Amino acid sequence: MNNLLGAPAYSDFQIRAKYFDNQSKWVMNENINYIPYKYFSYKENLGDVLDAGGGTGFLSYYLTKKIPASSITIVDASMNMLQRAKQRIPHAIIINSSIESYCNINSQVFDTILARQIFHYVDDVDKVIVMLKEKLKDSGLLYVGQFVVPDIDSDRWHEEFIKKISKNRKRSFTIDHFLNLFTKNGMCINKLEIVDYEEDIRSFYKRRTNDIFSYKELLEASKRSLNDNVIKNLKIRITDENLFFTVQFCHLILSKK
């Protein structure tokens, strides 16, 4: 297997698979999952579905319980994550591969592609967008879900924080930067919705993959790197033992231009 995330990240997700859905509470969040369903609810059938970096398969499961699909293919670098996906959707085709490797060797095209929370992990965002576009039928739709932040100051703070927490996250995105990545690579934004989602440092620390900092050190470093603009735009709340911040979950429906 040519691994999407590299050996450290692959090992991390192998270990995290058992607890992933509970630790990453957004995965099963009804407000987050309802929006892609709303986008697709006019369809009688989702056709052939590719869940790119689909992990434990919850989004595919959620959507196809409500809207039938002709087939479901879930691609992920972690076999442990895929085994949980297979338990959820026994008839799904599971592919233990990076999305880049899968797109390079598989000729199938899809009516519906799902790509949720993958773009902060991949090495080359532009390359992956182009690959997904090429896997999409001319009449197909790509759903993207990704956490973003509102401005450059917030992006710097957020990226510094997540890189301290995780060996695997390579970047953060402002909303403008994220949207531009798709339009410059030949995608048309058909629908866009952004919803607030509050995170906190303690919850992130519990699912860390780095042990560089103690929790106290991480909390204090995060406080020190704040400025007034970040405090305002990320709606920062500070308690004695925690720091809460609000990011946005960006929902996109895209088609080929």
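This is a predicted model: local features need pLDDT of at least 70, side-chain atom pairs count only at pLDDT 80 or more; totals for chains, interfaces and linings use all residues.
Biologist: Which residues of α4 are buried?

Modeller: F58, L59, S60, Y62, L63 and T64 are the buried residues of α4.

Biologist: Why does F58 count as buried?

Modeller: The relative accessibility of F58 is 12%, and buried means under 20%, so F58 counts as buried.

Biologist: What makes Y61 partly exposed?

Modeller: Y61 has a relative accessible area of 28%.

Biologist: How many aromatic pairs does the structure hold?

Modeller: There are 17 aromatic pairs in the structure.

Biologist: Why is the pair of F58 and Y61 called tilted?

Modeller: The ring centres of F58 and Y61 are 6.1 Å apart, and rings pair if their centres lie within 6.5 Å. Their planes stand at 50°; under 30 degrees would count as stacked and over 60 as edge-to-face, so the pair is tilted.

Biologist: Why are F58 and Y61 separated by about one helical turn?

Modeller: Because F58 and Y61 are three residues apart in helix α4 (residues 58-66). An α-helix has 3.6 residues a turn, so residues three or four places apart point the same way.

Biologist: What makes R208 a charge over the ring of Y205?

Modeller: R208 lies over the face of Y205, 3.9 Å from the ring centre; the distance cut-off is within 6 Å. The charged end of R237 likewise sits over the ring of F244, at 4.3 Å from its centre.

Conventions
Residues are numbered from 1 along each chain as its sequence is written. Side-chain values use heavy atoms; hydrogens and water are left out. Rings of Phe, Tyr and Trp (its six-membered ring) pair if their centres lie within 6.5 Å; planes under 30 degrees apart count as stacked, over 60 as edge-to-face and the rest as tilted. Helices (H or I, at least four residues) and strands (E, at least two) are DSSP runs, numbered from the N terminus. Buried means under 20% relative accessible area, exposed over 50%, partly exposed in between (1.4 Å probe, protein chains only). A charge sits over a ring if NZ of Lys or CZ of Arg is within 6 Å of the ring centre and within 35 degrees of the ring normal.
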